[in-house]
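Here is a friendly set of notes for someone opening this structure for the first time. Keep the view beside you and follow the points in order.

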Amino acid sequence: MPETVPDFISAYLLSPLIDTFFGLFDFNGRLGLPFLCISLLIAFLLYRRQRHLGYSQANNFGAFLGGRKVWLHRSALVDYAYYFVRALLHLAFIVPVMRWLDPVLLKQGDVTAFLNQVWTARPRIGDNMGIMLLYGLGAFLVSDFAHYWLHRAFHSRWLWEFHKVHHSATVMVPPTASRIHFFEKLCENLLKGFCFALYGGVIFWFCGDKVSNYTLFGVGYLAFIFNALAANLRHTHIWLSFGPVIERVINSPAQHQIHHSRNPAHFNRNFGTNLSLWDWLFGTLYLTGAKPEALEFGVSPKDNERYMKLHNLVWRPFWVTGVKLWRHVVHTNTAPEHRDLKPTE
């Protein structure tokens, strides 16, 4: 029986928006209210400390958080709206593409079956706390490592226009973390899906069957811990450095703010999400100190203004990348052949 118009509106418009709104009150995402409250508490402690050290001249806690000039800035308002638009884009574009590609995507079962054929099946180990914790640790490391390289890839010439959507925020608030173009999110789903299939398939073969991930409040325990480490402060103007020792392993809010900086000295630094270990290993690490650095966020002034409009966040990257590709093809096809010419006398 075909869907009626009210059913269509409920399934593809109202339900995603309602689910996204109520998601603010659970532990399933960084923007969950519990994590926001933890970040707010840490921000208050930072306010007291930075006032004591003379690093902040804010007259009150509200001003320290940024006040109206940050939280009601046009860029912030775009982020609040895009947080909900993102749910609709996910349903309209990412879900259909993932379903279309599903028959050709690598599955964990495929990897396990292949290993069973090559080395025969292994006896079941059975779930226990140690195995569950190790499985969760591995999944966390695989996810973070994959995201590091995906992030670096989207800073390259041909993918930058899509990632520019995220960097075009001229002020940062926690929902800025969701200002991700749906094409980038699709690529993330595909890459992490492939990596998890390999990882899960190998682990499941080694353990003889599926392994459960240890969770806290229904969330992977390491994701929960890192979200509780003031992860929401990464996309704010509140400076929180972990110091040069810890920051070689764990990504601090200050390090991610450096990543968003318009200062050329900060370009292509701190690509890590939860871990800065990858930045340390691959030469993209920038360490911070307790004293806040003066930072300006955003990209070029023209693009900052362009991306104040929701429709440009969605469609402009395709247009600009298409024009860039077209010019590259035309230039390649019309470039004069290189000939050995005798110099004129």
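1. Which side chains meet in a salt bridge at 2.6 Å, N to O? They belong to arginine 179 and aspartate 79. Please keep in mind throughout that this is a predicted model. Arginine 179 sits in the loop between α8 (160-167) and α9 (182-207), while aspartate 79 is part of helix α5 (residues 74-101), so this pair ties together parts that are 100 residues apart in sequence. Both arginine 179 and aspartate 79 are buried.

2. Another pair to find is lysine 164 with aspartate 303, a salt bridge whose closest N and O atoms are 2.7 Å apart. Because lysine 164 belongs to helix α8 and aspartate 303 to helix α14 (residues 301-306), the pair ties together parts 139 residues apart in sequence. Are these two buried or exposed? Lysine 164 has a relative accessibility of 7%, so lysine 164 counts as buried. Aspartate 303, at 7% too, also counts as buried.

3. Lysine 164 and aspartate 303 also belong to a network of salt bridges, which links them with Glu161, Arg306, Arg316 and Lys324. For the whole model, the count comes to 12 salt bridges.

4. Lysine 185 is partly exposed, with a relative accessible area of 31%, whereas glutamate 188 counts as buried at 11%.

5. Now to helix packing. Two packed helices are described by the angle between their axes and the distance between the axes. Helix α2 (residues 33-53) packs with helix α10 (residues 221-228) at an angle of about 35°, and their axes are 9 Å apart. On the α2 side you will find Phe35, Ile38 and Ile42, which meet Phe224, Asn227 and Ala228 of α10. By class, this contact has five nonpolar residues, one polar residue and no charged ones.

6. What makes up the nonpolar surface patch of about 650 Å²? The residues are Leu13, Leu14, Ile18, Phe21, Phe22, Phe25 and Leu33. Helix α1 (residues 5-22) gives the most to this patch, with five residues. Leucine 14, found in helix α1, is partly exposed, with a relative accessible area of 44%.

7. Two loop residues are worth a look as well. Threonine 273 is in the loop between α12 (253-259) and α13 (277-282). With a relative accessible area of 17%, below the 20% cut-off, threonine 273 is buried. Leaving aside residues up to four places away in sequence, threonine 273 touches Arg30, Asp144, His147, Arg234 and Asn251.

8. The other loop residue is lysine 291, located between α13 and α14. Is lysine 291 buried or exposed? At 57% relative accessibility, lysine 291 counts as exposed. Not counting residues up to four places away in sequence, lysine 291 touches Tyr55 and Trp239. Tryptophan 239 is 52 residues from lysine 291 in sequence, and their C-alpha atoms are 8.2 Å apart in space.

Terms used:
Residues numbered from 1 in each chain as written. Predicted model: local features only at pLDDT ≥ 70, side-chain atom pairs only at ≥ 80, totals over all residues. Heavy atoms only, no water. Helix = DSSP H or I, 4+ residues; strand = E, 2+ residues; numbered from the N terminus. Buried < 20%, exposed > 50% of the residue type's maximum accessible area, 1.4 Å probe, protein only. Contact = heavy atoms within 4.5 Å. Patch = residues over 30% accessible without salt bridge, like charges linked within 9 Å, V, L, I, M, F, W, Y side chains within 5 Å. Areas by Shrake-Rupley, 256 points an atom, 1.4 Å probe, with all protein chains shown as cover. Salt bridge = Lys/Arg side-chain N within 4 Å of Asp/Glu carboxyl O. Axes fitted to C-alpha atoms, helices over the stretch in contact; angles between N-to-C directions. Nonpolar A, V, L, I, M, F, W, Y, C, P; charged D, E, K, R; others polar.
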